[in-house]
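Please look at the sequence and the model shown here.

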Amino acid sequence: MPAKWKFAAAQDCWKSRLQHLRSDADWLAAAARLAQRARPLSRPNPGVGAIIVKDNIVVGRGWTMAGGRPHAEAVALEQAGSNAAGATLYCTLEPCAHVSVRGPSCADLIVAAQVKTLVYAVEDPDPRTCGTGAVRIAAAGIETRRVASAPADASLAGYQMVKRNNRPHVTLKLALSLDGCIALADGQSRWITGDVARAHVHAQRAQADAILVGGNTWRSDKPHLGVRLAGLESRSPNRIVLTRSGNCGDVATVSAPQQIAQLAGVQYLYLEGGAQTAAAFLKADLVDLIHLYRAPILIGGGKPALTDIGLTDLRQAHGRWKLADRRELGSDLFEAYERTPCSPE
């Protein structure tokens, strides 16, 4: 097949796929997937995704670059060039309105580019922007609308948690047997899950700003806690130990779960072990997401995944967690559970 025919065929295939991305929700979900590429390198700025669409064709796309600049919108606008005029910009977060020494505000860039429409999902909780960015863009005659998007909202979970609740978003990882054990009675836990599940864990580590374990786990297991995926070794998160003794060398420590609010620059905290540490965070209601890796093995008499979490009435346990994802990872089963708000008494 001649090269020009192959190119035409590829274009037709791409255009055919784009026919399924016509709604605001679809484009915002696509922008949210781009935003995942920013984590965790965009810190302390949020990982944002942006897509510019003209005549149902993507003419520009971007995500927040390392160190927080340039912003996703700036990257997408530069890529689109003159094609941005008259186009629709989809952005997971409201464009910033404040001028920085590191660059102009995204609101001003969007106005200058003469886009026709701005669609964004999450209002920026940063008081320097919070509503101001959208108002400035709308005042320039650009159609501006906010559209709810669960994927976009989820992609900004860490940023929103820090801004609204003054603490990182916490993911608790548990790898256990069918009978709920995380180790043999003597503490042996390598390995409960298989290679595929462990690789998935390392991919989650690569998206975290920091990883936390308990003092007993740190002193007895000497865990590496880094990312062991080819090409992603540099993404290893900062290590933190929950301990009252503070005897952990040069590794950062916190003496109580509530002290994670003092971790500067941490939007996403990955919690790995052990049972007492996991229970302490659950008891303090500081876990937002549970990643559960279940291996098809039975241990019997082993160490349980959790100690006491303060539950006094079984009714309190129901309706607390919502299944968000389930998939097979090799021979293991992975499940993700999102925390749901406490019901009023």
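## Thr277 and its surroundings

Apart from its neighbours within four places in sequence, Thr277 is in contact (heavy atoms within 4.5 Å) with Leu212, Val213, Gly214, Leu242 and Leu271. A polar atom of the Thr277 side chain lies 3.4 Å from the backbone nitrogen of Gly214. Thr277 belongs to helix α10 (residues 275-283); helices here are DSSP runs of H or I with at least four residues, and strands are runs of E with at least two, numbered from the N terminus. With 6% relative accessibility, Thr277 is buried, a term for under 20% relative accessible area, with over 50% exposed and partly exposed in between (1.4 Å probe, protein chains only).

The model is predicted: local features need pLDDT of at least 70 and side-chain atom pairs pLDDT 80 or more, whereas totals for chains, interfaces and linings use all residues. Residues are numbered from 1 along each chain as its sequence is written, and side-chain values use heavy atoms, leaving out hydrogens and water.

## Recorded binding site

An unreviewed UniProt entry lists residues for "binding site", among them Ala175, Trp191, Thr217, Asp221 and Thr277; such annotations may be inferred rather than shown by experiment. The listed residues span 106 residues in sequence, and their farthest two C-alpha atoms are 24.3 Å apart, so they do not all gather at one spot.

## Thr217

Thr217 lies in helix α9 (residues 215-221) and is buried, at a relative accessible area of 17%. Beyond neighbours within four places in sequence, Thr217 is in contact with Lys222, Pro223, Gly273 and Gly274.

Note on methods
A polar contact is a pair of N or O atoms within 3.5 Å; within protein, one must be able to donate a hydrogen and the other to accept it, and residues adjacent in sequence count only if both atoms are side-chain atoms.
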